[in-house]
Amino acid sequence: MKELEFVTLENGNEYIILDEIDDNGIKYLYLVNSGNSSDFAIRKEFGNELIGLDNKAELNRVLDVFVKKNYELFNGDVDKIINNI
Amino acid sequence: MDKKVYENIYNVLEKNSIGNEKKCPNNRKKKKVILKISLGMLTGLLIVVGIIGSSLIKLNNNYYEQIQQIEDVDNNDVERYGYSIINIQEYGKLITKNMLKEYGFDNYTINDDNYRHYNYTSDDYKKIINFDERYLYSLYLVVDDYTINEFTKSLGYKDLDDYLIKNNYIDDEGKASTYKWLIDYLREMAKIMNDLPKEEGRTK
């Protein structure tokens, strides 16, 4: 049994905080629905709130940041990552 | 998983994440839970979604528009470019596959992990003239362990680990680290892509 951090988003669903990354002074939260492992979401901290991203460019940029940070878990090998899923 | 599955996850992620109307209090709570899937697996899943999502957006566009974007930036810091790892990797993989083909190395099989196993030895690869070692990581992404080791032997190293250690790609324990190599590779490849002549970039 693991202790994890959760947030409840505006849609009422509860998400596990999978990772948190600071990028250009903004903290991004990478979330996965606690009841559905294919339901991911990303939010950024804004004061005391979590808000959605501005556009696709921001989404893809912060996804790249996530990939780069976590890549070494799989030794940077995309094929091996896919095979491990 | 089928690529379609990742694409669907990406689409859900996009729908879930974009929109300034999405707001909620940053109220966190801690709970002890039993996960059906490990956090490592979930992280791996999001990595693949990120890479595939990125390719959906970027590689489905005219690839040379991406080259243009890379040309438009003025430094070699990969983090700041805004293009994805897959752009760099796919470009490098294409170059190395073409190089092997041009030298007549066409006797290969594809193993279960989708890597190419070339039926050649280090002596065979010695006929390659002036191989640019910055592309060695690209080759590493294409071929199996046997092939990469034979290839690095042709460059004068004992094997891949020997190459990594001699080039200071080592972890905190002094062991060969492909991760350190990856970071250096991305930077070097970014420079290469940045230096592509515009006309060459558009006609390839």
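What follows is a chat about strands, turns and helices in a predicted model.

Reader: What is the strand order in the open sheet of 7 strands?

Author: The order is β1(B)-β5(A)-β4(A)-β3(A)-β2(A)-β1(A)-β2(B), and the pairing is antiparallel.

Reader: Which strands stand at the edges?

Author: β1 (23-25) and β2 (28-33) of chain B do. Each has a single partner strand, so one side of each has no neighbour in the sheet.

Reader: And the twist, what does that average from one strand to the next?

Author: The twist averages 45°.

Reader: How many bridges join β1 of chain A to β2(B)?

Author: There are 6 bridges between β2(B) and β1 (residues 2-8) of chain A, and the two run antiparallel. Within that pairing, A:Val7 stands opposite B:Arg28.

Reader: What about β1(A) with β2(A)?

Author: Those two pair in the antiparallel sense over 3 bridges. A:Phe6 has A:Ile16 of β2(A) as its bridge partner. The two strands form a hairpin with 5 residues between them, and A:Gly12 in the turn has a positive phi of about 90°.

Reader: Which residue of β3(A) is the bridge partner of A:Ile16?

Author: That is A:Val32. β2(A) and β3(A) pair over 8 bridges, again in the antiparallel sense.

Reader: How many residues of β2(A) are buried?

Author: 8 of the 10 residues are buried, so β2(A) is largely enclosed by the rest of the structure.

Reader: What lies across β2, β3 and β4 of chain A?

Author: Helix α1 (residues 56-70) of chain A does, running at about 85° to β2(A).

Reader: Back to turns. Where is A:Asn24 found?

Author: A:Asn24 is in the loop between β2 (14-23) and β3 (26-33) of chain A. These strands form a hairpin with 2 residues between them. Phi of A:Asn24 is near 50°, a positive value in a residue other than glycine. Most residues other than glycine have a negative phi.

Reader: Is A:Asn24 buried or exposed?

Author: A:Asn24 is exposed, with a relative accessible area of 68%.

Reader: Now chain B. What is phi of B:Asn168?

Author: Phi of B:Asn168 is near 65°, a positive value in a residue other than glycine. B:Asn168 is in the loop between α9 (160-166) and α10 (178-194) of chain B. With a relative accessible area of 55%, B:Asn168 is exposed.

Reader: Last one: which residues of helix α8 of chain B are buried?

Author: In α8 (residues 145-154), the buried residues are B:Thr147, B:Ile148, B:Glu150, B:Phe151, B:Thr152 and B:Ser154. B:Gly156 follows α8(B) and has a positive phi, near 100°.

Key: Residues numbered from 1 in each chain as written. Chains lettered and ligands numbered in written order. Predicted model: local features only at pLDDT ≥ 70, side-chain atom pairs only at ≥ 80, totals over all residues. Heavy atoms only, no water. Helix = DSSP H or I, 4+ residues; strand = E, 2+ residues; numbered from the N terminus. Buried < 20%, exposed > 50% of the residue type's maximum accessible area, 1.4 Å probe, protein only. Pairing = 2+ DSSP bridges. Axes fitted to C-alpha atoms, helices over the stretch in contact; angles between N-to-C directions. Contact = heavy atoms within 4.5 Å.
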